Every structure is written in structure tokens, then in C-alpha cells.
Amino acid sequence: MSDAIFPINLPGLSIKLRRTPIFKTRVQESASGREFRARYQREPRYKYRLRYEFLRSDPPLQELQQLVQFFEDHYGRWDSFYFDDPYDGVRRRVRFFRDHLDVERFLIQLWELKSLELISVK
């Protein structure tokens with residue numbers, strides 16, 4: 001577990017940051033149609049989707065290289081890090097949602113889709 005904080009203050013990050021709660025519930029239905037529900041988590045996990053308006057790759061403002069280096073430093077989604085949630089101001093432990101371990105695919109996600117996904121961990 002890393003104590004690094006995700007660099008959310010990059011100039012190209014737009015205001016459009018989406019947070020989706022993820023709950024862990026099991027639903028079991030009997031032959032009569034009655035449902036039994038079990039909740040496996042006390043609090044939800046969150047999935048974050050960050051949208052970038054632009055990422056520069058020219059020195060000295062190299063947001064693209066910063067994100068790629070951050071991804072490589074944490075071995076994709078292997079290592080977790082901190083993320084300051086702008087919705088409620090809580091610092092949460094997260095990791096990358098997708099694990100390509102292929103820098104080219106990660107660059108495509110950043111450059112063409114202009115987005116990045118993180119997921120909170122417990």
C-alpha cells in the first residue's frame with residue numbers, strides 16, 4: 001500500500017468527475033417467490049471516472065507523463081494509493097479500475113477517451 005496521493009490538481013482535469021457507489025448485495029429467491037437479501041458491506045465502495053479536457057505532453061507541463069508514471073509506479077491496479085474525493089472531502093484508498101499493464105493501452109485510454117477510472121478499496 002502506497003502513501004502516494006493521486007494528482008487530481010492537474011490543469012486538464014475537468015469538473016466532470018463521476019462517482020458511482022457500488023454495493024455488495026446477494027438476492028436469493030425461493031420457489032414461492034419470496035426473496036431473501038444479504039448485505040455484505042457496511043459501506044459502499046466507489047468507482048470514480050475522471051474526465052480530462054486536455055493532457056499536455058510537452059515540457060515543462062507534462063500531465064500525460066505524470067499519469068503514466070503514476071500508473072507504472074503502482075503496477076497498474078496492483079498497488080493502492082490515496083484519492084481526495086471532491087464530493088465529500090474524504091481521502092479514500094483507491095486503485096486503478098482497469099489493469100492493462102500495457103502502457104500503450106493506458107495511453108490510448110488517456111489520450112483518446114480522455115478518461116481514467118479508479119475504484120475504492122477496503
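**Notebook: strands, core and charge pairs**

I began with K16, which sits in strand β1, residues 13-22. The model I am reading is a predicted one. I asked for the exposure of K16 next. K16 has a relative accessible area of 64%, so I put it down as exposed, the cut-off being over 50%. K16, R18, R51 and K114 together form a positive surface patch.

**Overall layout**

I went through the secondary structure of the protein chain. I noted 2 helices and 7 strands. Starting at the N terminus, I read the order of elements as β-β-β-β-α-β-β-α-β. I also looked up burial for the chain. Of its 122 residues, 34% are buried.

**The core**

Which residues have the most contacts inside the largest nonpolar core? I found F6, F96 and L118. This core has 20 residues. Helix α1 gives the most, with 5 residues.

L64 is placed in helix α1.

**Salt bridges**

I turned to the charge pairs. How many salt bridges does the structure hold? I recorded 8.

I took D85 and R19 to begin with. Their side chains meet in a salt bridge, 2.8 Å from N to O. This pair links distant parts of the chain, 66 residues apart. D85 is in the loop between β5 and β6, and R19 is in strand β1. I checked the accessibility of both partners. D85 comes out at 1%, under 20%, and therefore counts as buried. R19 comes out at 24%, between the 20% and 50% cut-offs, so it counts as partly exposed.

I moved on to R37 and E35. Their side chains also meet in a salt bridge, at 2.7 Å from N to O. R37 is exposed, with a relative accessible area of 58%. E35 is partly exposed, with a value of 41%.

I then checked K47 and E117. They form a salt bridge in which the closest N and O atoms are 3.6 Å apart. Here too the pair links distant parts of the chain: K47 in strand β4 and E117 in strand β7, 70 residues apart. How accessible is K47? I noted 23%, which makes K47 partly exposed. E117, at 11% relative accessibility, counts as buried.

Which residues do they join into one network? I wrote down R19, D85, D88 and R92.

How values were computed. Residues are numbered from 1 along each chain as its sequence is written. This is a predicted model: local features need pLDDT of at least 70, side-chain atom pairs count only at pLDDT 80 or more; totals for chains, interfaces and linings use all residues. Side-chain values use heavy atoms; hydrogens and water are left out. Patches are made of residues with over 30% relative accessible area and no salt bridge: like charges are joined within 9 Å, nonpolar side chains (Val, Leu, Ile, Met, Phe, Trp, Tyr) within 5 Å. Accessible areas come from the Shrake-Rupley method with a 1.4 Å probe; for residues, only the protein chains shown count as cover. A salt bridge is a side-chain nitrogen of Lys or Arg within 4 Å of a carboxyl oxygen of Asp or Glu. Lys and Arg count as positive and Asp and Glu as negative; His and the chain ends are not counted. The place of a charge is taken as NZ of Lys, CZ of Arg, CG of Asp or CD of Glu. Helices (H or I, at least four residues) and strands (E, at least two) are DSSP runs, numbered from the N terminus. Buried means under 20% relative accessible area, exposed over 50%, partly exposed in between (1.4 Å probe, protein chains only). A nonpolar core is a set of buried Ala, Val, Leu, Ile, Met, Phe, Trp, Tyr and Cys residues joined through side-chain atoms within 4.5 Å.
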